[in-house]
Amino acid sequence: MSSMSERASRPPIVLIHGLWLTPRSWEGWKERFESRGYEVLTPAWPRMEGDVEDLRRDPSPLNGLGVTEVVDHYAAIVSGLDRPPIIMGHSFGGLITEMLLDRGLGACGVAISPAQIKGVLRLPPAQIKATFPVLSNPANRKRTVELTPKQFHYNFTNTMSDEDAQAAYERYEVPGPGRVLFEAAFANFNPHAPTKVDFHKDDRPPLLVMGNDEDHTVPASVSKEAAHRLAKSTAVVDYKEYHGRPHFTAGAPGWEQVADDALEWAERHAGVALEPA
């Protein structure tokens, strides 16, 4: 166990969940990082107060929730901390992480299979299939849309057994606001897209982008392109890709190694001084 002085010397960690998930999806990471002596915050998106079961019963408060409101919500949380935190985000949480760093917030960031920011052009067939249940109906822009177990299995848990995929669906899946997906999907046709960042921002905090080669929702090629475009600046941008892993990277078997890799990279780039093990 770490001493109180060691904990105080380390930046807090903020974990940002993605679409169709809640902070519960980070439960393993939160416990693992806390056991290493970190303060770990897992705030929900705005309007997402309550447990998974509550959100399933009444998802209507999420209707019309957009990217700007979500990013502003996390910017206020990060800005209110005593020191810049390590920010880690998954999927849409990865997009939010990239946008927070673009605002100069955080000590460093890890974006895991991040949803597309404006300017990332790659759109593989698997990703089209994954987002089709929402984007196929324009009315979903103002609605909150739930995935079926079959859709969740394709989008998140495609490398897992049917039994494990169903268990993950029952524990973690919640309806998601369609608006954020529409804003990301059509950003390259919108000169005022809310997902726009400055690819040439040299004073951006260090960023690690992680991709998964079995990911249907954000295929590894999309994650790699995001890292490539963000690396047009002189800011630190690294890329790491995993083989055999799906989109549900925070909970699929082997997540512990991904979490350890993310933390080890963040410790180096956030300047964390650690005692030898």
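Some ground rules before the structure. Residues are numbered from 1 along each chain as its sequence is written, and side-chain values use heavy atoms, with hydrogens and water left out. Because the model is predicted, local features need pLDDT of at least 70 and side-chain atom pairs count only at pLDDT 80 or more, while totals for chains, interfaces and linings use all residues. Helices (H or I, at least four residues) and strands (E, at least two) are DSSP runs, numbered from the N terminus.

I start with the sheet. Six strands make up an open sheet with parallel pairing, and the order is β2-β1-β3-β4-β7-β8. The edges are β2, residues 40-41, and β8, residues 237-242; each has a single partner strand, so one side of each is left without a neighbour in the sheet. Two strands count as paired if DSSP finds at least two bridges between them. Strands of a sheet pair through backbone hydrogen bonds, either parallel or antiparallel.

One pair I can give residue by residue is β3 with β4. Strand β3, residues 86-90, runs parallel to strand β4, residues 108-112, and five bridges join them. Opposite isoleucine 87 is glycine 109 in β4, and opposite histidine 90 is isoleucine 112 in β4.

How much of β4 is buried? Five of its five residues are, so β4 is largely enclosed by the rest of the structure. Buried here means under 20% relative accessible area, exposed means over 50%, and partly exposed is in between, with a 1.4 Å probe and protein chains only. From β4, Cys108, Val110 and Ile112 point one way, whereas Gly109 and Ala111 point the other way. In a regular strand the side chains alternate between the two faces of the sheet.

Next, the helices. Helix α2, residues 27-35, lies across β1 (13-16), β2, β3 and β4, and runs at about 170° to β1. Axes are lines fitted to C-alpha atoms, for helices over the stretch in contact, and angles run from 0 to 180 degrees between N-to-C directions.

Helix α2 also packs on helix α11, residues 255-269: the two axes come within 10 Å and cross at roughly 50°. The two helices are therefore oblique to each other. On the cut-offs, angles under 35 degrees are roughly parallel, over 145 roughly antiparallel, 65 to 115 roughly perpendicular, and the rest oblique. From α2, Gly28, Trp29, Arg32 and Phe33 meet α11 residues including Trp255, Val258 and Leu263. By class, this contact has seven nonpolar, one polar and three charged residues. Ala, Val, Leu, Ile, Met, Phe, Trp, Tyr, Cys and Pro count as nonpolar, Asp, Glu, Lys and Arg as charged, and the others, Gly among them, as polar.

Thr131, Val134 and Leu135 in α6 meet Gly178, Leu181, Phe182 and Ala185 in α9. Those residues divide into five nonpolar, two polar and no charged.

Helix α10, residues 220-230, has eight of its eleven residues buried, so α10 is largely enclosed by the rest of the structure. Among the buried ones are Val222, Ser223, Glu225 and Arg229. Their cover includes α5 (92-102), α6, β7 and β8.

Glycine 211 sits in strand β7, residues 207-212, and is buried at a relative accessible area of 0%. Beyond its neighbours within four places in sequence, glycine 211 is in contact, meaning heavy atoms within 4.5 Å, with Ser113, Ser223, Tyr239, Lys240, Glu241 and Tyr242.

Serine 113 lies in the loop between β4 and α6 and is buried at 0% relative accessibility. Its phi is near 45°, a positive value in a residue other than glycine.

Tryptophan 20, in the loop between β1 and α2, has a positive phi too, near 70°. Tryptophan 20 is buried, with a relative accessible area of 5%.
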